[in-house]
Each structure stands twice: as structure tokens, then as C-alpha cells.
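Good morning, and thank you for coming. Please look at the sequence and the structure on the screen while I describe a few parts of it.

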Amino acid sequence: MAAPPSLPPMESTESFNPDFDTTPHAHDASREPEDGQAAAAPVPQPQDAPDAQVQQKVNDVLQSDIGVVTLLNRLKSSIASARDFANFLKRRGAMEEEHANSLKKLSRSTLDSIRKADGRHESYQAQFELVLHVNERIGDNGTQFGLALHAMHENLLQLANKMDASRKTWKQQGLAAEQKVQDAEKLAEKAKAKYDQLAEDLDRVKTGDTGAGRKFGLKGPKSAAQHEEDLQRKVQAADQDYASKVQTAQAYRKELLSTTRPQAVAAMVDLTKEIDAALTMEMQKYASFNEKLVVNNGQVVSPQPLKGSTATPPPSINQLIYQINNERDFDDYMLKHASKVPSVRSEVQYVKHPTQASTQAQPTPSAATSGGRRTSMQMQNQAPPSFALQQPECASSTGNYQTPAPPLEPVQQASHQSHTVGHHQPSQQQQPQHPQSHYGTSNFSPAAQNPYSQGDYPRSPIAQITAQQSSGVLHSAPVNPVFGVSLDQLFARDGSPVPLVVYQCIQAVDLYGLEVEGIYRIPGTTSHIQAMKALFDSDATQVDFRNPEAFQHDVNSVAGLLKQFFRELPDPLLTRDFYSKFIDAARIDDDTMRRDSMHALINALPDPNYATLRALMLHLRRVEQSSEVNRMSAANLGICWAPSVMGPHQGGNMADAGLQARVVITILDNVLQIFDED
């Protein structure tokens with residue numbers, strides 16, 4: 001039997017055709033990249049010559065009684081494989097077309113976006129447009145590739161359906177012929193069995209066996225001679241029937257072996273080889289199209305000189321991007337606004353109001369006159385409102401400048417001073433005071449001249465401190481500092497393992513910030529944070545964040561204050577000594593082993609660090625549970641909190657930043673296994 005034809009792998013030395021035509025053209029040779037720049041085409045491996053003994057055994061199987069059934073099963077497998085590959089081509093083609101359409105749609109939308117007035121232009125826009133055009137060409141190549149795969153799918157599926165119909169035809173014919181021979185042989189075997197039985201009965205009658213055969217007829221018992229004669233006739237009839245059936249069976253088998261079976265076997269072998277060859281060819285085309293797609297996309301992304309061409313190839317994507325000149329773009333943008341530059345204004349000069357200038361030109365009153373005037377003014381004028389006593393230190397500490405008093409209008413100056421002192425220092429009304437001590441040791445404050453100014457009305461603690469900061473008030477050193485103090489020192493001083501600032505901030509965020517989008521990610525107001533920091537450094541026990549007015553309803557500033565507390569710790573929450581151990585634990589890929597390693601490290605932390613970390617992580621878990629509203633997942637919280645609880649990454653290794661976040665994420669994911677929730 002002849003060996004089946006073999007198809008060598010398709011060579012892909014021809015250039016990429018946009019229409020995925022597998023027929024190489026004469027002009028394609030001019031489009032090949034230069035030698036050495038393209039990968040060598042695969043060389044087909046020589047196939048071994050067919051073994052004669054193997055072919056003889058295969059032929060014996062085909063010509064046997066199981067040959068037709070075996071061929072039918074083999075053809076069925078080939079058809080199923082062809083349909084599977086056709087389905088793969090269909091889905092792969094659909095994916096390529098969808099990807100190509102999405103890529104082209106993205107390129108077009110981005111192109112429209114960068115051309116808007118609010119975007120950056122100049123060389124960035126020009127080069128980016130070229131890059132987007134490259135992406136569109138890649139999308140076009142993907143579209144053509146998808147269409148080619150779709151056509152291959154249709155051809156292969158059509159061939160598989162055709163082969164399936166032919167298989168059904170030959171199955172009916174081949175199996176019918178085989179069944180016909182089998183039925184004839186079974187009839188011959190039955191006739192033989194009947195003939196043998198009658199012959200044995202006749203032989204027993206001839207030998208005098210009275211029990212052999214039937215001895216009764218319609219008219220009574222038969223004699224031995226009649227019985228023998230009857231059996232003789234039956235044996236002759238059975239012999240003729242047996243001989244006839246054997247001849248029929250032999251004729252059918254001869255016809256089967258000479259005509260029907262060889263035709264069915266040859267036809268199904270041809271069908272099997274045809275669909276196998278077609279499947280192999282389509283797979284080779286698929287491989288060739290993939291190579292061409294990659295080569296063409298490579299030529300689009302990074303064009304190479306064509307074979308036999310002296311033309312300079314267009315720039316690659318990398319070269320296009322490197323042609324963006326940021327400095328020139330910045331200068332061009334600024335030069336566009338050169339015509340809008342306003343005319344030069346005169347320098348702002350400080351001019352003192354005439355009334356203020358005359359007030360400072362007054363002479364220094366004598367002690368007796370000043371005291372008499374202060375007493376008389378207090379008797380004549382009504383006492384200031386009681387709420388002005390809330391900030392008695394403002395008048396004596398707000399001023400930023402002082403001037404000596406020239407000897408002019410002593411009466412007016414004395415009246416002014418008596419009113420001021422009477423408002424802020426009622427306890428000194430009956431004490432004599434030397435004028436030089438008043439003017440020489442205290443700073444003059446314009447804000448303190450009006451005892452009924454708006455700044456003297458009652459405010460919340462944060463509002464008072466914010467106003468003092470905005471007006472330039474200088475604060476004294478913290479009484480009981482909290483920020484910048486180690487957790488061990490705070491624990492030894494205050495007796496609380498969790499600092500009060502941590503407790504108050506967590507309480508405020510739990511009450512008012514769990515549903516605030518971007519909590520711990522969106523920064524608060526710097527002035528509010530500094531004001532709250534000053535409150536805690538003054539007396540943390542007087543702060544109560546259960547009332548949102550205590551932090552001016554700015555929960556983002558409370559979140560920022562909490563992060564700032566941890567950033568300003570002398571030793572981070574997870575400590576410098578344990579830093580490298582936490583980083584090494586974060587490198588473990590197995591989730592359970594990484595959790596257990598970090599659990600052991602956390603248990604080894606000092607008591608204040610452990611208690612504070614537990615309170616913080618249970619709080620962050622509550623924040624994460626509202627992530628559908630606040631958009632703060634475990635990953636986002638890990639990124640936001642890693643530098644605060646671990647400190648800056650050590651050794652200049654930027655990879656530690658991701659490992660730091662992984663430490664916090666691991667603790668958050670396993671917070672209930674590491675800490676109890678009570």
C-alpha cells in the first residue's frame with residue numbers, strides 16, 4: 001500500500017501581506033528585511049521512509065473484517081479534530097478582530113483627546129499622533145489577520161462537513177456488505193448444524209438404535225424401514241440446503257474481498273488522508289500567518305531597511321517618543337502668552353496712616369500723669385465686655401514692631417494706654433506703673449487697640465489657634481508634647497499603651513469618616529492639622545473628637561494628623577530593628593507562611609508598639625469594610641500607610657516600597673488571625 005503524502009512545513013521567507021494571501025508574489029522579495037535582520041525560515045526535516053513490514057501489517061488490518069470499522073473510527077477522529085481546530089480559528093479570529101477594533105477605537109478617541117485645547121500640544125502632540133497612527137496600523141494588521149482566520153475556519157468546517165457526509169455514505173455501503181456476508185455465513189452454519197444432526201440420527205437408525213429419531217406418524221407408529229427412509233430424505237434435503245447456503249456465503253465473501261471492501265477501504269483511506277492533509281495545511285497557514293503578523297507589526301513598531309532598497313525607513317516608536325522636546329515645548333507654551341504679560345506695576349510701598357503716625361509721635365507721660373489719666377479714663381468709660389478676657393495675651397504678644405514715643409500730645413496717649421491696660425489687665429489698675437516699663441518691654445500691636453474687634457469673640461480651640469497662627473502669634477514650647485515622642489516615653493508618662501492622639505483620631509474617623517471617599521488618601525488642610533497638633537502637644541486630655549466641631553468638621557485633617565503622628569515617631573511603629581525582618585517576610589510567596597512569619601514578628605514588638613498597631617489595624621479593617629463607599633481597599637490602604645508605619649525604605653532600594661505595602665496588606669488581610677477583636 002502506498003505511503004500517505006506528507007506536507008513539509010510552509011516557509012515564511014516571503015514578506016507579510018496585509019491581505020494574508022499565502023501565495024508569494026514576485027514583488028514580495030523587495031520587501032524582505034536585509035540579511036541578518038530577519039529570523040531564518042525553518043528548514044523542513046526529512047521524513048523517514050515507510051517501513052515495508054509496518055505497511056504490510058497496516059494493510060492486513062485494513063483488509064480484515066475489522067478494517068472498515070477501524071477506518072470509520074479513524075475518519076471520525078480526523079473530522080472531529082478538524083472541527084476543533086476550525087472552532088479555535090473562529091474564536092481566535094474573533095478575539096483578534098475585537099482587539100484590533102478596540103485598539104483602533106482607543107487610538108481614535110485618544111487622538112481626539114490630545115487635540116483638545118486643554119491638553120499639551122507642541123512636539124508632544126505631534127509625536128504622540130504619530131504613535132497613535134502606528135497603533136492604528138497594528139489594529140489594521142490584526143483585523144486582516146482575524147479575517148484570514150475566519151476564512152480558514154469556514155473552509156475547514158466546510159471540508160469537515162463534506163467528509164462527514166462521505167463517511168456516512170461509505171459507512172452504509174461498507175457495513176451493509178460486511179453484514180451481508182456475516183448473515184450468509186450464519187445461515188450456512190445453521191444449515192450445517194441441521195444437516196449434522198440429521199446425519200447422526202440416520203446413522204444411529206442404521207446401527208439399530210431404536211431411540212433415534214421419531215417413530216410415530218399420522219397413521220400410527222412407523223416401522224424401522226419407514227423411519228430410516230424418512231431420515232434419509234431429510235438428510236438429503238438438509239445436505240442440499242447446506243451446500244446451497246455455503247455457496248451463497250462464499251459468493252458474497254468473494255464479492256466482498258474482491259470489490260466491495262477494497263472500494264470502501266480505499267475511499268475512506270483517501271478521505272482520511274485528505275482531511276488530515278487539509279488540517280495540517282491549515283495549521284501551517286495559521287503558523288505562517290502568525291509569523292507574518294509579528295513581522296509586519298515589528299516593521300510598524302521598528303521599521304528595518306528593506307532588501308535591495310536604499311530608502312531610509314520611517315522612525316520607530318522609540319525614536320518618535322525621543323523626539324519629544326520638553327524644554328522647547330515649555331518655552332513655546334510660555335512664548336504664546338508673551339503678549340498677555342501685564343505692564344510693570346510700581347513697587348508697593350508701606351505708608352503709615354496719618355493718625356497712627358501722630359499717635360506714635362506723642363511724648364512719654366510722667367508716672368503721676370499717666371496714673372491719673374488711667375484712673376480718670378477708667379471712671380469715665382464703661383468696662384469692656386466679659387468675652388474679651390478669653391485671650392488676654394493677644395495684646396501683649398501680637399505686635400511685630402515697637403517705636404519710641406516722641407513728646408507729643410501726652411493726654412491722648414495716656415488715655416489710649418489706660419483704656420488698653422484697663423481692658424486686659426484689671427488687676428494692675430491700683431498699682432503704680434512706670435511709663436518706661438510699659439513702652440520698653442511690650443510690643444505695640446495694632447490689633448490690640450480695639451477692645452471690641454471681631455477677633456475677640458469666642459471661638460473653638462482649633463479656630464483660636466488657627467487665628468493666632470494666621471495673625472503671626474508665636475507659641476511657646478509644648479507643655480506635654482505628643483508628636484515626636486517615642487511610644488515608650490508616652491506610655492511611661494501617660495500610662496496608656498495607645499497614645500491619646502491615636503485613640504481620638506481613630507474615634508473621629510470611625511464616627512464621621514468611614515464613608516468619606518478617599519479617607520487617608522486625600523490630604524487635609526495644613527492649618528487645621530497644625531492647630532490640632534498644637535492642641536495635643538498642649539494637653540491631649542482636653543481634646544474630645546466625638547464632637548465634630550472640635551476638628552471643624554474636617555475629618556480628612558484628622559486622618560492626616562494621625563498619619564503625621566506616626567511619621568514623626570523617632571522610631572517607626574514597626575521599629576527599625578524589625579524592618580529587614582518584615583521585608584524578608586513580605587518576600588514569601590506562600591500566603592500562610594507569610595502571615596505566620598509576620599505574626600511572630602508582631603508578637604515580638606514592644607508592648608506599646610503592639611497595642612498601637614493592633615488598634616490601628618483593627619480600625620483600618622473597619623475602613624476597608626466600607627471600601628465600596630470610600631474606595632479604600634486593602635491595597636490602597638497598604639500604599640497609603642506603609643511609609644507611615646515602617647518609615648522610609650532603607651538602603652535606597654526602591655523595591656522595598658512595594659514590599660512595605662505588602663507588609664501592611666498582609667496584616668490587614670489577616671488582622672483577625674493576628675489580633676483579637678475584643
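**Cores, rings and helices**

Tyr520 and Trp641 are both buried, where buried means under 20% relative accessible area, exposed means over 50%, and partly exposed lies in between, with a 1.4 Å probe and protein chains only. The model is a predicted one, in which local features need pLDDT of at least 70 and side-chain atom pairs count only at pLDDT 80 or more, while totals for chains, interfaces and linings use all residues. Residues are numbered from 1 along each chain as its sequence is written, and side-chain values use heavy atoms, leaving out hydrogens and water.

Let me turn to the nonpolar cores. A nonpolar core is a set of buried Ala, Val, Leu, Ile, Met, Phe, Trp, Tyr and Cys residues joined through side-chain atoms within 4.5 Å. The largest has 68 residues, and Tyr520, Phe545, Phe565 and Trp641 touch the most other members. Apart from it lies another core of 21 residues, including Phe85 and Ala160. In soluble globular proteins, nonpolar side chains tend to be buried together.

With neighbours within four places in sequence set aside, the contacts of Trp641 include Tyr520, Leu562, Lys563 and Val664; contact means heavy atoms within 4.5 Å.

Next, the aromatic rings. How many aromatic pairs does a search of the whole structure find? There are 14. Rings of Phe, Tyr and Trp (its six-membered ring) pair if their centres lie within 6.5 Å; planes under 30 degrees apart count as stacked, over 60 as edge-to-face and the rest as tilted. The ring centres of Tyr520 and Trp641 are 5.1 Å apart and their planes stand at 65°, so this pair is edge-to-face. Phe483, Tyr520, Phe565, Phe566 and Trp641 form one aromatic cluster.

I now move to two helices. Helices are DSSP runs (H or I, at least four residues), and strands (E) have at least two; both are numbered from the N terminus. Helix α3 (residues 122-206) packs against helix α6 (residues 326-336) at about 125°, with axes 7 Å apart. Axes are lines fitted to C-alpha atoms, for helices over the stretch in contact, and angles run from 0 to 180 degrees between N-to-C directions. The two helices, α3 and α6, are therefore oblique to each other, since angles under 35 degrees count as roughly parallel, over 145 as roughly antiparallel, 65 to 115 as roughly perpendicular and the rest as oblique.

Finally, Gln673 lies in helix α23 (residues 671-674). At 46% relative accessibility, Gln673 counts as partly exposed.
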